[in-house]
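Please look at the sequence and the model first; the points below are grouped by topic.

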Amino acid sequence: GTSVHVGNESHCTSTSSLCSTSTWWVLRLPLGSFVIALAKHTWCMWFGIGAKGPKRSEMKVQQVSHTRFWQVVKDVDPKTPALVLFTSGNNPNGQPWCPDCRRIDPLVRTAAAARDAALLEVQVGDVKEWKEVHEKHPLKQDPRVELKSVPTLCRWEGGKKSKCVELEQYRSETEVLEALERFFETST
């Protein structure tokens, strides 16, 4: 099968090179199914993969703050369904402050890339903005969104959300992947 690199840029240039610490690979198999593997501190030859795949910037991922969400989403072609991932903002270390987002967001990016889908990541803000004034958060109050938790993946069609899955409820990677598979199966 063919392989597609997703995640942070890999430092793999040959099968004997060490991969970066957060490199994700999606292996497309002949029947359209896929296998996801995290290669942390592992050799690229773990899967016999030596060539670099696309950089993250080539994944069709756009990140925006919740304050720019409506400005950006209005420019999405209403005839083309889009994926919107509502996620936490980042802490001072540049990582999502939400532990579920740190764990699940890379899986969503990988699943979207495996389907060659564009992904709009909307950051809900810092922890204070989301948790302390949670009831007053604009994306929670807006009847067009009614966001309850992060991370939440939505399908956006015709200028409005058509389907969402709240991903924080899934504890294991397997549960998340199964939920994503169901989401994509019923979204096509």
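A disulfide is a pair of cysteine sulfur atoms within 2.5 Å. In this predicted model, a search of the whole structure finds one disulfide. C154 and C164 form it, with their sulfur atoms 2.0 Å apart.

**Confidence**
- The chain has a mean pLDDT of 73, and 66% of its residues reach 70 or more.
- Residues 1–57 have a pLDDT below 50.
- Where pLDDT is low, the predicted coordinates should not be read in detail.

**The disulfide and its hairpin**
- Strand 7 (residues 152–157) and strand 8 (residues 160–166) run antiparallel and are joined by six bridges.
- The two strands form a hairpin with two residues between them, and G158 in the turn has a positive phi of about 55°.
- W156 stands opposite K161 in strand 8.
- C154 is buried at 2% relative accessibility, whereas C164 is partly exposed at 33%.

- C98 is buried at 5% relative accessibility, and C101 is buried at 0%.

**Nonpolar cores**
- The largest nonpolar core has 20 residues, and those with the most contacts inside it include F69, V122 and W156.
- Helix 1 (69–73), strand 5 (82–87), strand 6 (119–123) and strand 7 each supply at least two residues of this core.
- A second, separate core of 18 residues includes I104, A117, L119 and F184.

Conventions: Residues are numbered from 1 along each chain as its sequence is written. This is a predicted model: local features need pLDDT of at least 70, side-chain atom pairs count only at pLDDT 80 or more; totals for chains, interfaces and linings use all residues. Side-chain values use heavy atoms; hydrogens and water are left out. pLDDT is the predictor's confidence in each residue, from 0 to 100. Contact means heavy atoms within 4.5 Å. Two strands pair if DSSP finds at least two bridges between them. Helices (H or I, at least four residues) and strands (E, at least two) are DSSP runs, numbered from the N terminus. A nonpolar core is a set of buried Ala, Val, Leu, Ile, Met, Phe, Trp, Tyr and Cys residues joined through side-chain atoms within 4.5 Å. Buried means under 20% relative accessible area, exposed over 50%, partly exposed in between (1.4 Å probe, protein chains only).
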